[in-house]
Amino acid sequence: MARLTVTVNGIRHDVDDVEPRLLLSDFLRDTLGLTGTHVGCEHGVCGACTVLLNGDSARSCLTLAIQVNGAEITTVEGLGTPEALNALQSEFREHHGLQCGFCTPGMLITGEDLLRKYPLATDEEIREGLSGNLCRCTGYQNIVAAIRSAAALRQGKAP
Amino acid sequence: MKPARFDYVRPATLSEAVEALAATDGEGKVLAGGQSLLPLLNFRMVRPTVLVDINGLKELSFIETRRDSVVIGALTRHREIEQSPLIASKLPVMSAAMRHVAHLAIRNRGTIGGSLSHADPAAELPMLALFYGATIVAEGPSGQRRIPADEFFVDALTNCLEPDEIVVEIEFPVLAHDGWAFEEVARRFGDFALASIAVAIRREQSGIADIRIGVMGVADTPLRLISVEQELRGAKLDGGVADRFSGLVTSATSPNSDLHASAEYRRHLLGALAKRAIATALAA
């Protein structure tokens, strides 16, 4: 058992008695009650549990909670609020970039990291970037459209 | 809890890590990026008693030139290799292959030492280690050992490391070439390859002075096709070279069928990718 200190969405948490085998995904959902991070396949294929770990996207089901000691985590709850969506969330709403919503937290977090790291000049590049995130409603068209629009806005172009 | 119970240690130095791993009597596992190990833990396909987390060993994270080689520290993340200008200029085939290595979230965490140790027959970095004729440097209680890539990969998901050895760095000789290509097809972009080929070529007058060929997804380990390389050395660069190349590559491999693709389809795919790759390499 170990003590874990981690900052999640700007709030510092000190948690005692963390078992080494506790996954970051379960720590976020069960220990901290942050159920916005969704758990799908639990072996790194579906992307629903993706969070930002020190600013880089990472699968929380492929990370041990104990490994993020001292780190900063951003989950979907840290992107915006229902009253004040962030820019990417607004584009998802604008373009109806979700159906059942299960994959959405992972899509948003992945989208944030993609927007920061790649030009996303073409739909092919956006689709390549999203290839690690599964939407079983198969609603990819509107997710791609939302990210395309966010990429254009980020570059100061009208979408 | 998905994984079975284990103890966790996070050493601060390589010698502490080697000591900690040796103390597990072969029951421990090294945790680097965790992108292959965590799924195995979650499925309880592996049940180590101790995880030795080497993420604190910053000295194992580097990309540098040493004589005629580029040396990459075992803890270097895929994303760092993908972005490295040094890799782009010295090891362009590797640079081009990196965007095929899984997905961004995996590349942010996964490490080259971890990928080589996992030894997936359809993963890019093991194939590139063979392709470049890399040397894998491992450290154990009795010191360092230099392992040529063609001895490192024993079988699917099996390397030649002793249970108490940790990969510390990998040396990639820089190839002299004037054309190259990397081609891959996966069911979903970023997934493991159904078939893939890497080619580097050096020309003289109208012929092939030297050629290097690596393939993956078509055997229990990645392969370097040395017999085809020898056959093509000195070959004329006429109109039939693409067909000849593709024919030699496919007849040198005998893929297996699995739930992702039949043997026939993999062979067809490899032949098509071979034609595309040689055309790209020769167009340079």
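Q: Which residues in α2(A) meet which residues in α3(A)?
A: In this predicted model, A:Leu88, A:Gln89 and A:Phe92 of α2(A) meet A:Leu108, A:Gly111, A:Glu112 and A:Leu115 of α3(A). By class, the residues of this contact comprise 4 nonpolar, 2 polar and 1 charged.

Q: What makes α2(A) oblique to α3(A)?
A: The axes of helix α2 (residues 87-94) of chain A and α3(A) cross at roughly 120 degrees and come within 10 Å. Angles of 65 to 115 degrees count as roughly perpendicular, and those over 145 as roughly antiparallel. The crossing angle of roughly 120 degrees therefore makes α2(A) oblique to α3(A). The crossing in which α2(A) passes α3(A) is right-handed.

Q: How many residues of chain A are in contact with chain B, and which elements of chain A each supply at least two residues of that side?
A: Contact involves 27 residues of chain A and 26 residues of chain B. On the side of chain A that touches chain B, at least two residues each come from β4 (56-59), α3 (104-117) and α4 (123-129). The residues of this side are 8 nonpolar, 11 polar and 8 charged.

Q: How do you know that domain 1 of chain B touches domain 2 of chain B?
A: Two residues are in contact if their C-beta atoms lie within 7 Å; 12 residues of domain 1 of chain B are in contact with 17 residues of domain 2 of chain B. Helix α1 (residues 14-22) of chain B gives the most to the domain 1 side, with 5 residues. That side has 7 nonpolar, 5 polar and no charged residues.

Notes. Residues are numbered from 1 along each chain as its sequence is written. Chains are lettered from A and ligands numbered from 1 in the order in which they are written. This is a predicted model: local features need pLDDT of at least 70, side-chain atom pairs count only at pLDDT 80 or more; totals for chains, interfaces and linings use all residues. Helices (H or I, at least four residues) and strands (E, at least two) are DSSP runs, numbered from the N terminus. Ala, Val, Leu, Ile, Met, Phe, Trp, Tyr, Cys and Pro count as nonpolar, Asp, Glu, Lys and Arg as charged, and the others, Gly among them, as polar. Axes are lines fitted to C-alpha atoms, for helices over the stretch in contact, and angles run from 0 to 180 degrees between N-to-C directions. Angles under 35 degrees count as roughly parallel, over 145 as roughly antiparallel, 65 to 115 as roughly perpendicular and the rest as oblique. A crossing is left-handed if the near helix is turned anticlockwise from the far one by less than a right angle, and right-handed if clockwise.
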